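Here is a short briefing for a first look.

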Amino acid sequence: LFQLPGWSMRPDGSIVIATGNDDVLGVYTCTPYNSYGTAGESQPTRVLLKDPPAFTVRPKEEYFQEVGRELVIPCTAHGDPPPTVTWLKVGSAGKSGAQVDGNSSLVFRPLIKEQHGVWECTATNQVASVSTATSVHVLGTSPHAVTNVSVLPLLLAANITWEPGFDGGYFQRFSVWYTPLVKHPPRAHHDWVSLSVPVGAQHLLVENLQPDVSYQFSVLAQNKLGSGPFSQIVTSVPRGFPVTTVPPELPAMTMRVFLSPPQALTANETVRGVLLQWEPPAQFSVALSGYALELRQDKGGWEVLDRSIPSTKTQVLVPGLIKDAFYEFRLVAFAGSYISDPSNTVNVSTAGMEVYPSRTQLPELLPQPVLAGVIGGICFLSVAVIFSTMAACIMNRRRAARVQKRRQGRSRLAGC
């Protein structure tokens with residue numbers, strides 16, 4: 001036994017084979033004995049070599065598909081004995097509505113929002129189990145709930161942070177909802193207050209809270225198709241001032257950042273589109289880094305049209321508007337990692353207006369009817385000048401001829 005590499009025997013008589021190969025195939029018996037001899041060998045046992053499962057076709061890392069469409073994800077494996085392939089949605093205990101066809105492929109027919117997430121394919125036989133995972137992204141839906149909501153209690157305030165869920169394939173915005181757990185005597189229900197979150201932020205500071213009062217917080221995501229589910233509710237108690245006769249000292253390096261929204265946003269129709277003009281924020285304690293322009297059409301969801309407007313600009317031209325539509329525009333300012341509240345909203349209706357841009361035209365050029373009149377007038381004046389010049393030349397020649405004849409007549413009279 002000890003002449004075979006990787007073979008050993010335990011004190012209880014078991015044989016340990018470190019590496020299975022063709023040398024281990026065969027029939028084995030075990031014979032126990034002591035100083036009195038043996039009672040005989042055991043029944044024979046046969047050792048066979050089997051192969052653990054191995055994937056022959058793995059799913060891709062990610063799949064993107066529109067809601068309501070069909071999606072098929074392959075996953076096949078081989079082994080000895082042949083393995084059984086199963087699919088499971090990670091983190092889901094209920095039925096998913098998906099099916100597995102005869103080729104062990106996962107079939108979504110049709111794909112629904114609830115099937116978004118991580119799916120795991122597992123191949124199992126008597127030897128071992130192996131798994132592989134893929135992510136399914138369902139497009140064209142409302143946002144998914146945010147996760148990992150946390151609340152940091154501060155002095156008369158709370159800082160809420162979260163991780164965004166999948167946006168459904170569209171730009172999403174967030175709002176923070178909160179309410180005190182103490183009910184006011186005249187009211188029998190909670191009064192939830194919502195605060196809009198600046199574009200691109202994943203945190204919000206909620207101020208002016210009551211000290212030592214429990215508050216509930218939740219985060220809601222929205223996109224152009226609607227609202228997703230609320231996040232889990234988190235309860236927190238903001239801190240109050242310490243009970244002391246000495247006023248609390250403020251930190252020496254405390255700096256409050258002021259960033260007011262852009263001012264006086266206006267919209268004017270031009271020959272190339274709608275010209276938006278504004279004034280910079282009235283208050284900002286750090287240097288401006290730029291602006292972002294948002295719009296929404298026909299009371300739909302807000303979308304970012306341009307997030308890279310330089311801080312030195314105070315106007316921007318918006319071409320390409322659709323005829324007979326209603327638009328709303330607003331502006332936010334950036335200063336480092338801080339984002340201002342939105343500016344005032346301006347409304348633009350393209351009812352009865354031309355589709356922008358209708359033609360390529362520089363602002364200093366006149367409209368075509370006026371331009372045609374100007375060109376016609378210039379041509380008329382040019383022709384008149386030419387005719388006037390020709391008439392003057394003819395009259396000068398005739399006058400010169402008459403003067404010449406008079407001179408010749410005088411010369412003849414003098415000779416007589």
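Two strands pair if DSSP finds at least two bridges between them. Strands are DSSP runs of E, at least two residues long, numbered from the N terminus. This is a predicted model: local features need pLDDT of at least 70, side-chain atom pairs count only at pLDDT 80 or more, and totals for chains, interfaces and linings use all residues. Residues are numbered from 1 along each chain as its sequence is written, and side-chain values use heavy atoms, with hydrogens and water left out.

**The sheet**
- Three strands form an open sheet in the order β16-β17-β20, and the pairing is antiparallel.
- From one strand to the next, the twist averages 15 degrees (axes are lines fitted to C-alpha atoms, and angles run from 0 to 180 degrees between N-to-C directions).
- Strand β17 (residues 157-163) runs antiparallel to β20, and 4 bridges join them.
- Ala 158 has Val 206 in β20 as its bridge partner.

**Tyr 63**
- Strand β8 (residues 62-66) contains Tyr 63.
- Tyr 63 counts as buried because its relative accessibility is 9% (buried means under 20% relative accessible area, with a 1.4 Å probe and protein chains only).
- Beyond its neighbours within four places in sequence, Tyr 63 is in contact with residues including Leu 71, Ile 73, Pro 74 and His 137 (contact means heavy atoms within 4.5 Å).
- Tyr 63 and His 137 are 74 residues apart in sequence, yet 6.0 Å apart in space, C-alpha to C-alpha.
- A polar atom of the Tyr 63 side chain lies 3.0 Å from the backbone nitrogen of Lys 60.

Notes:
Buried < 20%, exposed > 50% of the residue type's maximum accessible area, 1.4 Å probe, protein only. Polar contact = N/O pair within 3.5 Å; in protein donor to acceptor, adjacent residues only side chain to side chain.
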